[in-house]
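These are my notebook entries on a model that I am about to inspect. I begin with the core and then turn to strands, a helix and chain contacts.

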There are 4 protein chains.
Amino acid sequence: MKAYEIGDTRNGLALRMVERPMPVPGPGEVLYRIRATGLNARDMTLLLGLGREPGPETRVPLMDNAGEVAGVGPGVTRVKVGDRVAMTHYWQWLDGAWDVKMREQDFAGTRDGFLAEYLIVPEAPLVHLPDEMSFESASTLQSAGLTAWNAVIESGRARPSDVIVTLGTGGVSVFGLQWAKLIGARVIITSSSDAKLERMTALGADNTINYRATPRWSDAVLALTGGRGADIVLNTVGMGEMEQCLLACASGGRVMYIGANPVAPDRKMPTPTALANFPNLIIKDLTIKGVTVGSRRMFEDMLKAMAVNKIEPVIDRVFDFADAQAAVAYMQSGEKLGKVVIRID
Amino acid sequence: MKAYEIGDTRNGLALRMVERPMPVPGPGEVLYRIRATGLNARDMTLLLGLGREPGPETRVPLMDNAGEVAGVGPGVTRVKVGDRVAMTHYWQWLDGAWDVKMREQDFAGTRDGFLAEYLIVPEAPLVHLPDEMSFESASTLQSAGLTAWNAVIESGRARPSDVIVTLGTGGVSVFGLQWAKLIGARVIITSSSDAKLERMTALGADNTINYRATPRWSDAVLALTGGRGADIVLNTVGMGEMEQCLLACASGGRVMYIGANPVAPDRKMPTPTALANFPNLIIKDLTIKGVTVGSRRMFEDMLKAMAVNKIEPVIDRVFDFADAQAAVAYMQSGEKLGKVVIRID
Amino acid sequence: MKAYEIGDTRNGLALRMVERPMPVPGPGEVLYRIRATGLNARDMTLLLGLGREPGPETRVPLMDNAGEVAGVGPGVTRVKVGDRVAMTHYWQWLDGAWDVKMREQDFAGTRDGFLAEYLIVPEAPLVHLPDEMSFESASTLQSAGLTAWNAVIESGRARPSDVIVTLGTGGVSVFGLQWAKLIGARVIITSSSDAKLERMTALGADNTINYRATPRWSDAVLALTGGRGADIVLNTVGMGEMEQCLLACASGGRVMYIGANPVAPDRKMPTPTALANFPNLIIKDLTIKGVTVGSRRMFEDMLKAMAVNKIEPVIDRVFDFADAQAAVAYMQSGEKLGKVVIRID
Amino acid sequence: MKAYEIGDTRNGLALRMVERPMPVPGPGEVLYRIRATGLNARDMTLLLGLGREPGPETRVPLMDNAGEVAGVGPGVTRVKVGDRVAMTHYWQWLDGAWDVKMREQDFAGTRDGFLAEYLIVPEAPLVHLPDEMSFESASTLQSAGLTAWNAVIESGRARPSDVIVTLGTGGVSVFGLQWAKLIGARVIITSSSDAKLERMTALGADNTINYRATPRWSDAVLALTGGRGADIVLNTVGMGEMEQCLLACASGGRVMYIGANPVAPDRKMPTPTALANFPNLIIKDLTIKGVTVGSRRMFEDMLKAMAVNKIEPVIDRVFDFADAQAAVAYMQSGEKLGKVVIRID
């Protein structure tokens, strides 16, 4: 069977297709036939060897996925051969409280990811896909989709009376817009591109702010809300935007903190970019909440809601398995709005 | 100025129009020019003198309302003359926890209601209407609309992944359908009338059950949900339906208890109609939650959400102030689906 | 190794000791050396063959337990030989939402329980005991202790400003008193025995009500709270007491429903004992919440809190393994206050 | 009647006693006879004229208070002459959601405070004192006591299984320790003074850390908790400590942000003191929540819990009304542990 490995990152992107033996599922394991995989900003860090010592790397990249059950090991009861499924990213997080130790074993982080024809996976974190959802659509959801779901619906507890601001038009922001409109909230979106803001308006955004034209975009949020501010702000960018996020909040508002600062060109982890003071936190009774993807139960909730409301993810472009390098290059170009998907036939 | 009084209920409905002197607002009070008022099942009990000793009654009936500020007393800061407003039903409940003592002073319960041209009201519980909302629309919301809002959004904490069942097609159920669809839930609705079920489907219901054809409607709910059941059931009927509500629930489900049993013909308060056992409560981890209208803050939240999502209440018919008796008679007929409104020009 | 089987229940209690082969743990399994097991009212139903067709029964009874890891199968990582542990009752409920399907596989319900020297158990639901907690103490917690914890701390969300009423002096009520006092609440306790009420006062109860002297005990709760009522009532008895529980509640109060009606002498499941009306549910904004033991995470939370606060369960009497019949007979006598434990050396 | 005014702060502390006419309550108002008032760090800022343009200032300082109702205006129903009461600091915040506009009218901030024999106050925010609570004790609660209550009990939702860290031994930290122990949590406390840490241990702290000896105190928290970390950290210091607060947190932990950075010597508002990055926020699923004192309902809850549990605030020293200057000087010395109170006979 075919798979891509990250390759030797000393000169940057080195993705290469290899042949691997067909794996066999053990007790409680599933042979997973991957049919589509999506690209995320976080994947790019790994693909480019940033944030770690560069060098040869045989791991299979990409964390998003959708496919079929092609075989089952002894004792598997949750799925059967032929089931259309997807794998939860933090696969030990089924329900309840998060534990940071669950990060130690994530797909595409410390073990092989999904840019391959097959992978052996545990059965418990698999979720069933709705009948009408394509593999391409389902393969965009694990990371950006579920993070936005957690931020808006689960941790954010958004309500139809809320004003929700999303920063930028990246994957999490586009899903954030969709989930916020799903529950009837008013959505304000920021971007430096009027073209992208027009796209977001077409997708349902109630108001838009071009932060190049209005660098102090928090003032624009206050102006659009009669001075009251936003109930929820999705900070998908990083600490550098936190002060404006807090200024944009209404009393009792919540900033969902999703974005980390980008990895610096010297391959080191992000350096501090903001001088923090944040007095608004106290006098406006605000909350900053970190959001780290979501559990299997949240994933299942999101799929249910998508099926009932016939919601499709916004897909910018689909590539063939053979063109994975082109997909990554397109992802790097920053032109896209919505997800980039690789189909595996 | 003109007002209706309940009249002498010894022979049933005795509504009569009277002249009253124009009232003058004191400190912190507002002269409220009522422009529309809606009818509720709970109003009928008062209009017919049920549940209490019948006799002459000079109170003004009806609890729903919308109108304008026509004058303000000293110290009023929250509203000004000309503002388009509505009055919260339990007017001492501004935000936070409910106290049953707040019932002692409710409009149309223990003090005059809104079937009149003017009324003196305190300023604090007034809420501003969205610009685009008509008085007729706004006058349907205080009781049925807000009760359903509390049941679905506030106490119910409904989510897009939920299955919500509403019983019947009364005022609370129709609003319940609207709020449940607003946040993207799947809605199943019951009725004894296929014609009404068709109307509910047109309003967005995902599934319908005719409980005359299927008396054990809880089985139908289970069948429609692959055996799992509902996350929220709006019990708008009474304890007689509680066992089926619990049987219809999924693990962790919640029954929002809204309806009381109807007042018996002997004018006494409802008698018990159910033998209670309810073992499902324990083994399925269920909750029964009483719902008692809602606070000013919930009312404001609901209006905000209606404005953003351009939601209109379902109005069956509008009567003129002079035809209040006809409006009540139409309400009694049980033909209506949606609200019956009286316009006060 | 030795174990007790329920035996042939056609003539009532038929508990008998048998020899069984020493079991061997498979992948992910643990050989559990049981060192103590506690008795619960729910066990009595099984031991006496009530609620089902009487006849021969080879299952091992009793659901509470504490002991040591005596051996581990392949792949076990959560525990090691020698660890002092206890098993969660609903062992599939690790964290998050309950699913009624988890009842299908409970210890002492559908599979062997813990009145034996050894049992094979899955590793995931095992919890570690605090160093200073004896096996006898730990063997009282799974059922009554955790149910009360869930009712007071988890589902009840009790606070130091709450008034909490517990009904009777059974296992759940005694733990309920301990957890309620742990978080600083005011506790009112009911019983028909002044002697038991004195014991409860010694254990920290703030007020007591003898419901034989005051059958309408809800009035006494109102009198003790200046007319306000209780924030939480633990209904450990059944639906027959529900109306008084609701009458005893303050606005916004919650009844935690734990008790089922006792099994009738004809061995059938409980019959309805209450005519339900419950108008207070609505006008006082009340909640009835079923409580079904608790998850592994709740169990761990409870153990942590017991260790920090040096809380010991109330143990009435400890029997030797050889005297299991005498322990059951003592349990039947109804004399006890606190738990009855069987030590397994 | 006698009162203190802040005086001309151009040379620092200028507190001076003045005679003022006895005020008369209007409609809904109460003549409040103040019997004790406590000192807070926030008061010192005002008394020293920091954070604003220095100059003559006739306002009465101090926000904490306790006393009696000495007279009532027309329409007052909540209290009567002779009632023992205290006033909520943010007096418009009765229950429910906070609104930052409520700060515009706070006692000792924008209107007169309580270092006086009498003050006219609105009736709604007055709370009744428990019978057994002295005026001196009650006068320590509004600011530090209620802020800590909100942080631990209300916003923090602390549980007996939680580990709670409080920074330093200021007023909020001492109350934080008391409330955390009240609900059975494990408490770790930091200070630079071993003597103060000994006092905190005597008050119930489970563990102490001298941050002078262990500047990276978050490591000590991790070591004391087997690597897991704290569930709640009360950051009473400011953003300069935020990174260590986050490092000290367990997965799912919450930092209650209470402290602002101190006002700089140039009388300007605090300058940023931390370079923010905070990646732990995301990977550990953490929350930072601003805490701004509390509502009347929280105040009443706290008083109820204090009465039931016989909790007394820690009072360092009580001064007479005539010695207010000495009280302020003692407060400045930083020697105290617990509250400094001024008695007004």
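I note that the model is predicted. I looked up B:Ala230 and set aside its neighbours within four places in sequence. I found B:Ala230 in contact with B:Val163, B:Ile164, B:Val165, B:Ile188, B:Val221, B:Thr225, B:Ala248, B:Cys249, B:Ala250 and B:Gly253. The largest nonpolar core holds 429 residues, and A:Ala230, B:Ala230, C:Ala230 and D:Ala230 touch the most other members.

I next took strand S8 of chain B, residues 163-167. I recorded 5 of its 5 residues as buried, so S8(B) is largely enclosed by the rest of the structure. Which residues cover each side of S8(B)? I found B:Val163, B:Val165 and B:Leu167 on one side and B:Ile164 and B:Thr166 on the other.

I traced 5 bridges from S8(B) to strand S9 of chain B, residues 186-191, with the two running parallel. Within this pairing, B:Val165 has B:Ile188 as its bridge partner. I also noted that S8(B), helix H4 of chain B (residues 171-182) and S9(B) form a right-handed β-α-β unit. S8(B) is also paired, in the parallel sense and over 3 bridges, with strand S11 of chain B, residues 230-235. There I saw B:Ile164 opposite B:Ile232.

I listed the buried residues of helix H10 of chain B, residues 324-333, as B:Ala324, B:Ala327, B:Val328 and B:Met331. These cover an arc of only 95 degrees around the axis, which puts them on the same side of H10(B). I found the buried residues of H10(B) packed against strand S1 (2-5), helix H1 (41-47), strand S15 (315-320) and strand S16 (339-343) of chain B. After H10(B) comes B:Gly334, for which I recorded a positive phi, near 75 degrees.

Entry 5, chains A and D. I counted 31 residues from chain A and 31 residues from chain D in the contact. On the side of chain A that touches chain D, S14(A) gives the most, with 4 residues. By class, that side of chain A has 20 nonpolar, 6 polar and 5 charged residues. S14(A) pairs with strand S14 of chain D (residues 287-290) in the antiparallel sense, over 3 bridges. I noted D:Lys289 in S14(D) as the bridge partner of A:Thr287.

I found 5 residues of chain B in contact with 5 residues of chain D. The side of chain B that touches chain D has 2 nonpolar, 1 polar and 2 charged residues.

Terms used. Residues are numbered from 1 along each chain as its sequence is written. Chains are lettered from A and ligands numbered from 1 in the order in which they are written. This is a predicted model: local features need pLDDT of at least 70, side-chain atom pairs count only at pLDDT 80 or more; totals for chains, interfaces and linings use all residues. A residue is buried if 20 or more other C-beta atoms lie within 10 Å of its own, exposed if 12 or fewer, and partly exposed in between; C-beta atoms are placed from the backbone. The arc is that of the directions from the helix axis to the C-beta atoms. Two residues are in contact if their C-beta atoms, placed from the backbone, lie within 7 Å. A nonpolar core is a set of buried Ala, Val, Leu, Ile, Met, Phe, Trp, Tyr and Cys residues joined through C-beta atoms within 7 Å. Ala, Val, Leu, Ile, Met, Phe, Trp, Tyr, Cys and Pro count as nonpolar, Asp, Glu, Lys and Arg as charged, and the others, Gly among them, as polar. Two strands pair if DSSP finds at least two bridges between them. A crossover is right-handed if, with the strands pointing away from the viewer, the path from the first strand over the helix to the second runs clockwise.
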